[in-house]
Amino acid sequence: MSLLEPGLEMLHGLTGRRTYGVLPFRHGLGIDEEDGLRVSLRGAVRESAVAAPVGEDLLRVAVCAVPLMSNFTDVDALAAEPGVVVRFVDRPEELADADLVVVPGTRGTVRALEWLRERGLADALARRAAEGRPVLGICGGFQLLGEHIEDDVESRRGHVEGLGILPVRVRFAREKTLTRPAGEALGEHVEGYEIHHGVAEVLGGEAFLDGCRVGQTWGTHWHGSLESDGFRRAFLREVAAAAGRRFVPAPDTSFAALREEQLDRLGDLIEQHADTDALWRLIESGAPQGLPFIPPGAPA
């Protein structure tokens with residue numbers, strides 16, 4: 001802490017604002033992260049995935065680290081399962097030993113599609129689908145698995161050919177879909193949320209969370225569906241069977257409880273290392289009077 005004190009004093013001198021606390025670093029603090037804009041996740045592995053498997057085998061999940069990735073916390077629920085190893089990849093050879101490949105959401109569906117083609121990952125995904133090896137597309141990842149995309153909103157590229165893996169056509173609407181859907185899949189109750197411009201017209205396959213499934217390729221607009229514990233376990237059993245892995249989901253993993261534990265850990269750090277009385281005063285009364293204005297922006 002003493003190493004930081006000159007910097008804190010400098011901040012006060014430059015801004016006229018005090019520091020209310022410095023939190024120590026803690027390994028394994030699994031708080032939901034912001035959308036990935038410029039941060040490279042290549043090779044990153046979710047730490048909670050190191051827990052020993054319940055069955056005889058691990059289950060390996062490769063997440064395509066597409067540009068402008070959003071809601072990549074969708075895979076945190078997978079990583080919370082003992083024996084599931086989740087890593088982010090950007091090369092086609094890294095899909096070879098994966099039991100499940102996830103194409104996550106993105107704020108740039110067409111750009112992500114181009115990126116997959118540039119890197120050879122599009123061909124690798126098509127081969128996996130043809131071989132009956134599990135692929136899951138979520139939101140933008142679901143959209144680009146379809147036949148084509150009409151986008152005059154996000155990329156303004158008009159008609160763009162998709163990967164053609166799922167019988168889906170997507171049209172981007174100007175108004176975003178913002179819903180909290182609930183339903184049933186694989187015999188289990190599922191809840192999630194939707195936030196997207198793309199409107200999917202499903203032309204075939206088996207119904208799956210308002211999207212569809214063809215063979216072992218699954219697509220849905222529902223973020224957060226894997227946080228439903230019963231559904232996640234059922235889905236992982238399907239993946240393990242298709243991959244020929246003797247993997248058994250843990251019967252008692254509660255993702256909501258694990259998330260609450262992590263939030264409690266963060267709360268404890270704040271309580272121990274921050275001036276919480278001063279923070280409450282800020283929340284209740286606002287900033288102190290007479291603070292100097294700091295550009296850019298306009299003074300209040």
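Q: What's the strand order in the open sheet, and what's the pairing like?
A: The seven strands run in the order β2-β1-β3-β4-β13-β12-β11, and the pairing is mixed. Strands here are DSSP runs of E with at least two residues, helices are runs of H or I with at least four, and both are numbered from the N terminus. Two strands pair if DSSP finds at least two bridges between them. Before we go on: this is a predicted model, where local features need pLDDT of at least 70, side-chain atom pairs count only at pLDDT 80 or more, and totals for chains, interfaces and linings use all residues. Residues are numbered from 1 along each chain as its sequence is written, and side-chain values use heavy atoms, with hydrogens and water left out.

Q: Which strands sit at the edges?
A: β2 (84-89) and β11 (206-208), each of which pairs on one side only. From one strand to the next, the twist averages 20°.

Q: How is β11 joined to β12?
A: By three bridges, with the two strands antiparallel. Ala207 is opposite Cys212 in β12.

Q: Which strands does α6 lie across?
A: β1 (59-64), β2, β3 (100-103), β4 (135-138), β11, β12 and β13 (217-220). The helix runs at about 100° to β1; axes are lines fitted to C-alpha atoms, for helices over the stretch in contact, and angles run from 0 to 180 degrees between N-to-C directions.

Q: Switching to aromatics: how many pairs turn up in the whole structure?
A: Four. One of them is Trp218 with Phe235, edge-to-face at 5.1 Å centre to centre with 80° between the planes. Trp218 is in strand β13 and Phe235 in helix α6, 17 residues apart. The cut-offs: rings of Phe, Tyr and Trp (its six-membered ring) pair if their centres lie within 6.5 Å, and planes under 30 degrees apart are stacked, over 60 edge-to-face, the rest tilted.

Q: Why is the pair of Phe231 and Phe235 called stacked?
A: Because their planes are at 25°, with the ring centres 6.1 Å apart. The two are about one helical turn apart, because they sit four residues apart in α6.

Q: Phe231 and Phe235: buried or exposed?
A: Phe231 is buried because its relative accessibility is 1%, and Phe235 is buried because its value is 0%. Buried means under 20% relative accessible area, exposed over 50%, partly exposed in between (1.4 Å probe, protein chains only).

Q: Which residues make up the ring cluster?
A: Phe208, Trp218, Phe231 and Phe235, linked by ring pairs.

How values were computed: Contact means heavy atoms within 4.5 Å.
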